[in-house]
Amino acid sequence: MKKLINDPGTVVADALRGMAAAHPGTLKIDHANRLVISIDAPRPGKVAVISGGGSGHEPLHSGFVGPGMLDVAVAGEVFTSPTPDQVLAALQAADSGAGALLIVKNYTGDVMNFEMAGELAAAEGIDVASVIVADDVAVTDSLYTAGRRGVGGTVVVEKVAGAAAQAGCTLAEVTALAQRTADAARSMGLALTSCTVPAAGRPTFDLADDEIELGIGIHGEPGRSREQIAPVRELAARLVTPILEDLDFTDAPVIVLCNGMGGTPLIELYGLYAEVSDLLAAQGVQIARNLVGNYVTSLEMAGASVTLVKADDEMLEYWDAPVSTTGLQW
Amino acid sequence: MELSPQILAGWLRAFAADIAENEALLTDLDRQIGDADHGANMVRGTTAVAQLDPADFADGRSYVKKAAMTLISTVGGASGPLYGTLLLRLGSALPDDGPIDQAGWLPALRAGVEGVVARGKAGPGDKTMLDALIPAVEAFEAATDQPWQAAAEAAAAGRDATVPMIAHKGRASYLGERSAGVADPGATSSALLIEAAARTLA
């Protein structure tokens with residue numbers, strides 16, 4: 001294992017020290033609870049929007065903290081959900097009395113820890129709502145699994161919900177919009193390489209030079225099937241086709257996220273986006289907005305995911321609203 | 001057997017030592033069907049529990065509850081809430097300190113396992129820690145002699161029985177049929193918990 005780390009046990013704490021050093025004017029860091037807090041939180045009367053999860057997906061979630069998006073990001077260990085007391089501390093730090101929305105990716109640990117935190121916060125009188133993002137179409141049989149995973153669609157949910165909260169919407173309104181956005185998101189990803197969890201010291205799975213792992217999540221866990229590498233034209237189709245089979249995207253404007261897993265250069269992501277946009281045009285899908293880059297990563301994994309969100313006017317309005325975070329700015 | 005914070009700390013410290021000894025195994029199992037962090041997470045949590053001083057607690061119940069809260073706040077992932085809930089419910093159902101026998105332990109063990117079922121929404125055969133814990137409690141109840149030994153053997157057998165299972169819960173479930181062939185990491189650590197009990201509580 002070759003990584004820019006001091007010790008596998010201090011990776012998250014060291015990264016938070018770096019964020020504190022890099023962004024003193026815009027972020028507050030609670031090192032004890034591993035929280036990245038917007039400098040303007042809590043803002044009186046504003047609904048707090050909070051997310052979090054295992055570390056290793058940066059810029060998700062800490063890179064999306066700031067005006068127009070998240071008030072607090074809660075950092076767990078690498079690929080490990082944060083604990084209920086961390087999430088409770090986030091709720092206490094950000095709640096202004098207007099309530100808080102927890103945006104949770106659908107992983108067993110995240111759901112349980114955020115659920116316990118919500119119960120603890122409710123007992124303290126904080127008005128808490130939560131939305132679970134489960135956009136990964138690679139998981140087909142929800143009856144016999146923990147259900148679809150939350151992946152790339154999380155970025156869009158956080159952006160839209162954060163903008164709505166910034167605009168003064170109530171907790172019920174922000175929650176309804178976030179839920180509608182989560183319900184309208186579908187994603188599919190592939191890996192060209194595995195990744196190495198620092199504490200494990202070796203790659204999570206082994207892939208031969210000519211193999212890809214199709215239908216991955218974002219924790220370096222193996223996917224649904226192992227296939228041969230192919231031209232990006234064909235790989236784009238293997239990502240887009242199951243998404244379009246799952247939901248009709250031809251009757252609404254669509255937000256497209258062409259996301260890198262951390263180890264894939266932008267030149268390849270743009271190559272992928274070229275194929276994705278051609279495929280969508282050929283299928284009659286109208287791309288209203290797009291985002292190409294590394295937004296929801298899996299450490300140094302090479303690979304990519306495609307997310308489509310079937311938008312409406314309100315989602316597009318909040319997508320376009322100003323945002324000022326280290327990971328997204330316009 | 002006299003129930004006391006010291007006796008219970010003996011159990012959980014033995015568990016912590018077993019987890020530390022098996023960290024690489026737990027991580028390797030999790031690497032194959034999960035996300036390669038079960039060993040590190042359980043070591044972090046059980047090490048924190050081992051540092052609790054039983055002399056600081058008025059009774060066994062309060063010691064176990066503190067151990068549960070420690071696991072919840074240090075383990076993370078799914079294992080933190082699940083092991084935390086197991087000990088929280090178990091601790092709450094313990095009788096007052098003093099003599100405790102098979103009949104005294106049984107409601108506490110049952111309450112702990114029922115807590116895991118409620119929190120994780122899993123059942124037998126889903127390839128989870130319950131596949132070690134449920135047979136362990138059943139064997140404990142059925143044993144006419146040495147119930148902890150019977151529970152430890154049943155937990156180990158339950159752990160081994162998870163090898164051919166296809167996971168229906170947790171991160172391994174995303175692998176579908178590819179999750180078969182590897183013991184469940186949670187069932188493996190749960191078997192260590194019961195085996196540690198057999199050494200320290202019998």
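This is a predicted model: local features need pLDDT of at least 70, side-chain atom pairs count only at pLDDT 80 or more; totals for chains, interfaces and linings use all residues.
Residues are numbered from 1 along each chain as its sequence is written, and chains are lettered from A in the order in which they are written.

**View 1. Helices α3 and α4 of chain B cross at roughly 145°.** The axes of α3 (residues 38-50) and α4 (residues 60-74) come within 9 Å, where axes are lines fitted to C-alpha atoms over the stretch in contact and angles run from 0 to 180 degrees between N-to-C directions. In α3(B), the residues that meet α4(B) include R44(B) and V49(B), and their counterparts in α4(B) include Y63(B) and L71(B), with contact meaning heavy atoms within 4.5 Å.

**View 2. W11(B) is among the residues that line the largest cavity.** This cavity has a volume of about 60 Å³, a cavity being a set of points on a 1 Å grid over the protein atoms alone where a 1.4 Å probe fits but cannot get out, and lining residues having an atom within 4 Å of a point. The volume is the space filled by probe spheres set on the points, which are joined across faces, edges and corners.

**View 3. In chain A, strand β8 (residues 211-214) pairs with β7 (residues 185-191) in the antiparallel sense.** E213(A) in β8(A) is the bridge partner of A191(A), and E213(A) also stands opposite R226(A) in β9(A). Strands pair if DSSP finds at least two bridges between them.

Definitions and conventions: Side-chain values use heavy atoms; hydrogens and water are left out. Helices (H or I, at least four residues) and strands (E, at least two) are DSSP runs, numbered from the N terminus. On a 1 Å grid over the protein atoms alone, a cavity is a set of points where a 1.4 Å probe fits but cannot get out, and a pocket is an open set with protein on both sides within 12 Å along at least five of seven lines; lining residues have an atom within 4 Å of a point.
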